[in-house]
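Here is a short tour of a few local features, with the sequence and the structure to follow along. Take a moment to get your bearings before reading on.

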Amino acid sequence: MSDYTSILKREFPKIDSELLTYVVGVLSGSEEDFETCEDIFDAVGDILQSVDCDRPEESVRELCDQFFNIMKNNGVNVERKVLNAPVNIEEMAKNMARLDKDMQSIWVVNKDGANVSLTARKTCLKRSIQPLCLVTQKVDSKKLEKAEAKLQQKQEKRQEVNKHGMIPVAVKLQTATASQVTNKKNTKMDQKGLNRSMDIKIENFDLAFGEKVLLQNANLLLSFGRRYGLVGRNGLGKTTLLRMIAERQLQIPSHISVLHVEQEVVGDDTPAVDSVLECDTERTRLLTREKEILVALNNGVQDAALSNELSETYAALQNIEADKAVARASVILKGLGFDADMQLRPTKSFSGGWRMRLALARALFSKPDLLLLDEPTNMLDIKAIIWLETYLQTWPTTILVVSHDRNFLDTVPTDIIHLHSQELEAYKGNYDQFEKTKTEKLKAQRREYEAQMAHRAHVQEFIDRFRYNANRASSVQSKIKMLEKLPELKPVEKDTVVTLKFPDVEPLNPPVMAISEVSFRYNPEDPLPIFKGVNLSATSDSRICIVGENGAGKSTLLKIIVGQLSTIHGNIVLHRGLRIGYFAQHHVDHLNMNVTCVGVLAELYPGKPDEEYRRQLGSFGISGPLALQSIASLSGGQKSRVALAKMCMAEPNFLVLDEPTNHLDIETIDALGRAINAFKGGVILVSHDERLINVVCKELWVCGNRTVRAIEGGLDEYKREVYKEIEANS
């Protein structure tokens, strides 16, 4: 039996354990009954070919020859089997006919109720022995059922590959659509240029993404000068709404300028500061015209009109404070993390994240009437976020921002717009005030609903009691009319609680991780390292949060820890039982957009049942029909949860997470904090989300000044240092 197992594992390293047990059971349990190699091939050949679709039939027959030789060496088939009693051939034929008649599928039932596959049945019928083999030749029915199901799936997959040359993936690319009932009076006023109001009022509009309705009969009012925070669960349509407004698919007055920070700046030879200045088209036009006039005057052109135009140009430049534009652009860039040298570098030298910062800088510099921001803090470190919060508090026009950063939403917005149940609901105040107001409102709605239900039940009881009483007929009719006039209240819908669950693992004995005197530089010729002399350690109880400015080496340190980067100087000692789960900052970008959520896990860990993939996705809130959607159709937060599920398929006992909160909604970030605290292994986390850091952090590491240091006093102490630095540079 061990010989069969070793050969099968060697020849078919990816064979499923249940199939392996089944094949070995057939071979070892029927050694005496196999008379030729052909018998063995008939019994297990199809199964082995299905395990490895690329293996030719001749190779499988050679393996069957090896199995037959092992049987012969074990003394099988040396002696002819002598039957203990005469065999009635006619009776055997009747039994076989009866079995063929009763069989309605590939299964037959033996006397003990166990199932036997068609392959096993054929083998038994081929042998010149009594049909007693149907009783003695037993196979575990559950294992065999799973084996046959897997074989069928693989055969179907093989047929698809042979037919098309590839496995087709049906990905239905969906688009967003908007419809709106327009006001003819406002449309005519807008066309004539009579509408000068800076408020934006979008009434009675619907929004859909593919077949999914996102908003229905919704209304949106944006008063000029107010700062609105748009909040709601992942996948409800916040980003889609911003895009529809930016593309003017919804009716916006034509005189209102709208800017949506979505696309990164195109890389070219333009210096970063000039790229910001260029977005002020009026300033650029006036400066260009000034140069043209000066060139003409210097060439001796004598024209009073040119001189007058030059004076008007100077006056216009003075009105828009063009002389202060360079300083203003520099302040914005510096606040977003661009030092003096970076401001002079060409835009093509920056990565995608820095170009997104440039796009944000251009938007802040141009000051549109309506500024649309979608997760502006995702690309920023804590220092830049603090600067942006301060800067936006004095913003003169209207802002509509989608954010899941609790601290940002408590600091910047003057109003909160809550997207839920296909409608928009406005609240005065910041996010903290919104939560309190919403909680009280839901309590009041619940009390009102329960009171009305009790009142309805009381009235209905009266109606049912005296319905057929002639003396009370008028009272009954009045009660019925009263019930009909009562407003129909809907029960208060409770938001589903988001739960994330990391694998249950056993904690490792310390030391789990030790970093000593580590230094690193990407290029040996670089004059200065990214960091040097780093000494740190972690255990299974560690909850370490890393903060610091962008470019200080936070992600680099994580890549060194997980082994993606190697360092010549210093040592990193890891526990031999350590299994690291690494969530990269741009992990979502590496997902295959053309497969389903289940398909993402099946690509990385093939051979498992779909139920296991769906159970894993369900641990991170991807369940039901959502698990069968293509990755391309998911929201950013849903893609992040798929990436977390993918990371946890290997059951890591130590988590290294680089900005895991990007794109996650507030409820999911709270659930992530609970899941990290419940996890039995260690965690090293890079994050700019202050709420998450306060919930999970036991130890704070700061990257900066070419080193990594632990800071006493936690996040509050680090923020005090940042505020002092911002004040010193202002």
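Let's begin with a helix pair in this predicted model. Helix α12 (residues 281-298) packs against helix α13 (residues 304-319) at an angle of about 150°, and their axes lie 10 Å apart. Angles over 145 degrees count as roughly antiparallel, and α12 and α13 are therefore roughly antiparallel to each other. The crossing of α12 past α13 is left-handed.

Which residues make the contact? On the α12 side they are Arg 283, Leu 286, Leu 287, Arg 289, Glu 290, Ile 293, Leu 294, Ala 296 and Leu 297. From α13 come Leu 306, Ser 307, Glu 309, Leu 310, Thr 313, Tyr 314, Ala 316 and Leu 317. By type, the residues of this contact divide into 11 nonpolar, 2 polar and 4 charged.

Now for the cysteines. How many disulfides are found in the whole structure? The search gives 0. For Cys 545, the closest cysteine sulfur is that of Cys 697, at 3.8 Å; a disulfide needs the sulfur atoms within 2.5 Å, so this is too far for a bond.

| Residue | Relative accessibility | Class |
|---|---|---|
| Cys 545 | 1% | buried |
| Cys 648 | 2% | buried |
| Phe 34 | 0% | buried |

Finally, where does Phe 34 sit? Phe 34 lies in the loop between α2 (17-29) and α3 (37-51). Phe 34 and Met 71 are 37 residues apart in sequence, while their C-alpha atoms are 8.8 Å apart in space.

Note on methods: Residues are numbered from 1 along each chain as its sequence is written. This is a predicted model: local features need pLDDT of at least 70, side-chain atom pairs count only at pLDDT 80 or more; totals for chains, interfaces and linings use all residues. Side-chain values use heavy atoms; hydrogens and water are left out. Axes are lines fitted to C-alpha atoms, for helices over the stretch in contact, and angles run from 0 to 180 degrees between N-to-C directions. Helices (H or I, at least four residues) and strands (E, at least two) are DSSP runs, numbered from the N terminus. Angles under 35 degrees count as roughly parallel, over 145 as roughly antiparallel, 65 to 115 as roughly perpendicular and the rest as oblique. A crossing is left-handed if the near helix is turned anticlockwise from the far one by less than a right angle, and right-handed if clockwise. Contact means heavy atoms within 4.5 Å. Ala, Val, Leu, Ile, Met, Phe, Trp, Tyr, Cys and Pro count as nonpolar, Asp, Glu, Lys and Arg as charged, and the others, Gly among them, as polar. Buried means under 20% relative accessible area, exposed over 50%, partly exposed in between (1.4 Å probe, protein chains only).
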